Amino acid sequence: MQNYILDLTSENFKEILLQGKYEQPIVIDFWSERAPENQVSARLLNIAQSLNGQIILARLNCDRHPELVQQFGIKSLPTIAIFKDGKSVDSFVGEQDEAAIREIISRHLPKQEEVLLQQAQMLLMDSKFTEAVPLMGQAYELAPDNIDIKIAYAQALLGSHQVEATEALLDTFAETDQQSNQYQTLRSHLDIAKKSAETPEIMTLTAAHEANPDDLQVAYDLALQLQIANKHNDAMVLLFKILTAEYDFLEGGARKVYLELLSVMTDAALVADYRRKLYTLMY
């Protein structure tokens, strides 16, 4: 039996229900071998297996533990009770279809963005910034106004050297949120990252490009340096300009870099926009 499906007994119910052994909601299935066969137990088992550890299914055999039946005040079967943090938070009596049971249980499950945030925070603690970025991107799409998610997303982006994306995200913070220590620290680290990205090569090529904006080779060389510095949007602007002027520049080399950048950019709106621009050139 999976470790999230267990038998509740007189010996273990205090440990399981009252002493905070599990962070997940605990769904108690009160059942009896003598009661008419019901489908609720089978449905609960299916739900618990599909949720794969998001809940603890505790099955209480009422025939063997009448003292618990009396303590919980059970009057009829099937009865289901949900406990969280040592307290009863929900219950229902009688037959329910699986959809209805899932809806009741879902009230007490963490939201998807909270699960993603917890997973990403574990990665951030281990400095696995690149792995945390897609998780935080999903969480941000689900809850774009959640300040904890925005902070963690910015940390992941900055830690993976995505300077432009970090700045774009920080620019969305409300004025009141910008007063927090976390925001100020991120801004400070971003400023340092931006200065370190201004390499001598970028500065020289930028001056050459400004002096001769129609020189595609200079624009391409600058785009490559910007790509290395994780200034993806600036690089894409130059690459699109090159492709507009000469679609097969360097025998398709510029187009290849353009597609490579699309695969690593995290801003879904920008990616969609640059894909659309490329299609306009193709057709």
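This is a predicted model: local features need pLDDT of at least 70, side-chain atom pairs count only at pLDDT 80 or more; totals for chains, interfaces and linings use all residues.

Visitor: Ok, how is the chain divided into domains?

Guide: Domain 1 covers 5-107, domain 2 covers 112-197 and domain 3 covers 200-282.

Visitor: How far apart are the centres of domain 2 and domain 3?

Guide: Going by C-alpha atoms, those two centres are 25 Å apart. In terms of contact, 11 residues of domain 2 touch 10 residues of domain 3.

Visitor: And what area is buried between them?

Guide: About 730 Å² is buried between domain 2 and domain 3, and carbon and sulfur atoms give 46% of that.

Visitor: Which three residues of domain 2 supply more of its buried area than any other three?

Guide: Gln 162, Glu 164 and Ala 197, which together supply 62% of what domain 2 buries against domain 3.

Visitor: Switching to helices. At what angle do helix 5 and helix 6 pack?

Guide: Helix 5 (residues 112-125) and helix 6 (residues 129-142) sit at about 160°, with 9 Å between their axes. Since angles over 145 degrees count that way, helix 5 is roughly antiparallel to helix 6. The crossing of helix 5 with helix 6 is left-handed.

Visitor: Which residues meet there?

Guide: From helix 5, the set includes Leu 116, Leu 117, Ala 120, Leu 123 and Leu 124, while helix 6 brings residues including Phe 129, Leu 135, Met 136 and Leu 142.

Visitor: What about helix 12 and helix 14, how do they pack?

Guide: Helix 12 (residues 232-245) and helix 14 (residues 268-282) make an angle of about 10°, and their axes are 11 Å apart. That angle makes helix 12 roughly parallel to helix 14. Among the residues meeting there are Met 236, Val 237 and Phe 240 in helix 12, and Tyr 274, Lys 277 and Leu 278 in helix 14. By type, the contact of helix 12 with helix 14 has 8 nonpolar, 2 polar and 1 charged.

Visitor: Backbone now. Is the peptide bond from Leu 77 to Pro 78 cis or trans?

Guide: Cis, with omega near -5°. Pro 78 lies in the loop between helix 3 (66-72) and strand 4 (79-84).

Visitor: Where is Asn 52?

Guide: Asn 52 is in the loop between helix 2 (40-51) and strand 3 (56-61).

Note on methods: Residues are numbered from 1 along each chain as its sequence is written. Side-chain values use heavy atoms; hydrogens and water are left out. Axes are lines fitted to C-alpha atoms, for helices over the stretch in contact, and angles run from 0 to 180 degrees between N-to-C directions. Helices (H or I, at least four residues) and strands (E, at least two) are DSSP runs, numbered from the N terminus. Angles under 35 degrees count as roughly parallel, over 145 as roughly antiparallel, 65 to 115 as roughly perpendicular and the rest as oblique. A crossing is left-handed if the near helix is turned anticlockwise from the far one by less than a right angle, and right-handed if clockwise. Contact means heavy atoms within 4.5 Å. Ala, Val, Leu, Ile, Met, Phe, Trp, Tyr, Cys and Pro count as nonpolar, Asp, Glu, Lys and Arg as charged, and the others, Gly among them, as polar. Domain bounds come from an automatic or database domain assignment. Buried area is the accessible area (1.4 Å probe) that two parts lose on being put together, summed over both.
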